[in-house]
Amino acid sequence: MKILLVEDERHIAKALAEALKDKNYTVEIATDGEEAWELMQAFSYDLIVLDLMLPKLDGISLCKRLRSAGDNRLILMLTAKDTSLDQVMGLDVGADDYVVKPFELQALLARIRALLRRRNTTLSPILTWELLTLDPSKCEVKYNGVLLHLTPKEYALLELLLRSGDRILTRSAILDNIWAFEDTPGAETVKVHLRGLRMKLKAAQAPLNLIETVYGLGYRLNPNI
C-alpha cells in the first residue's frame, strides 16, 4: 500500500512516515500543496494523509481540486484546528475522515487501517492464492500454514502481486507501487527482491514457478498453479 503524506511540519512528517513504514506501507512526503498536487498527477496512491494548513495550496483547496477532477482516492485530513466548522469544511469538500492534532499515533494508524479496509469492502480481508495467504491486519504471510519471515519490501511485493491476481506487473509498475519516488532504485533491484521472495516461498515448499516471469513483460502469480 502506498501513502502520500502531505505535511509541512517536518518533525511530524518524519515521525509519522517512520511509523507507517514500520507497518509495511510505502510513504512519500510532500511539504506543500503544489508539490503534493504534482505527485498526485504522476503517481497512484492508496491513501492521502493531508494537512489542512499548508504553504502554496492549503488542504481544503487541494482536496476540492482533487474531487473536482473526479479523483476518488482516499483522503484523511489532519488539522490543528479543533472546531466543528473546520471538520464540516473538510468533509464537505470530499475528505473521507478527519483527525485533529495533536493525535495519538496508534489511534491515527487505526483510522488509516479502517479507511483502507473501507476501500476494500468488496474484497476478502485475507488475500489468498492457492495455499498462499497474506493477512494485511497482521502483516502475516503463510504458505500451507508455514509462516514466512519476509523483509518489508518482500512483503510489499507479494501483497502487490496478490492484489493484482494474474495481471502482469512490469518492473516499472512494481517500482512505482512499492518505492517512494525519492528512493526509487534501478530495475535490477526488483529482481533481487523477487529472488529473495522466491527462495523463502521455496523453503516453505511452494512451487518454484508460483511467481511467474512473463519474459519481456513482467511478473505475476502463476494462474496455472
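The side chain of R73 makes a polar contact with the side chain of D71 at 2.6 Å; such a contact is a pair of N or O atoms within 3.5 Å, in which, within protein, one must be able to donate a hydrogen and the other to accept it, and residues adjacent in sequence count only if both atoms are side-chain atoms. This is a predicted model, in which local features need pLDDT of at least 70, side-chain atom pairs count only at pLDDT 80 or more, and totals for chains, interfaces and linings use all residues. Residues are numbered from 1 along each chain as its sequence is written, and side-chain values use heavy atoms, with hydrogens and water left out.

- R73 is placed in the loop between α3 (59-68) and β4 (74-79); helices (H or I, at least four residues) and strands (E, at least two) are DSSP runs, numbered from the N terminus.
- R73 counts as buried because its relative accessibility is 14%, and buried means under 20% relative accessible area (1.4 Å probe, protein chains only).
- The R73 side chain also reaches the backbone oxygen of F43, at 2.9 Å.
- Leaving aside residues up to four places away in sequence, R73 touches M40, F43, S44, Y45, I48, L66, R67 and D96, where contact means heavy atoms within 4.5 Å.

**Nonpolar cores**
- The largest nonpolar core has 30 residues, of which L132, V141, L158, L162, I174 and L201 touch the most other members; a core is a set of buried Ala, Val, Leu, Ile, Met, Phe, Trp, Tyr and Cys residues joined through side-chain atoms within 4.5 Å.
- The helix α6 gives the most to this core, with seven residues.
- A second, separate core of 23 residues includes Y45, L54, L66 and V93.
- In soluble globular proteins, nonpolar side chains tend to be buried together.

**Packing of α6 and α8**
- The axes of α6 and α8 are 9 Å apart, at an angle of about 85°; axes are lines fitted to C-alpha atoms, for helices over the stretch in contact, and angles run from 0 to 180 degrees between N-to-C directions.
- The two helices are therefore roughly perpendicular, a class that covers angles of 65 to 115 degrees.
- From α6, K153, E154, L157 and L158 meet H193, L194, G196, L197 and K200 of α8.

**Surroundings of L221**
- L221 lies in strand β11 (residues 218-221) and is buried, with a relative accessible area of 0%.
- Apart from residues up to four places away in sequence, L221 touches W129, L161, L162, G165, D166, L210 and I211.

Methods. Buried means under 20% relative accessible area, exposed over 50%, partly exposed in between (1.4 Å probe, protein chains only). Angles under 35 degrees count as roughly parallel, over 145 as roughly antiparallel, 65 to 115 as roughly perpendicular and the rest as oblique.
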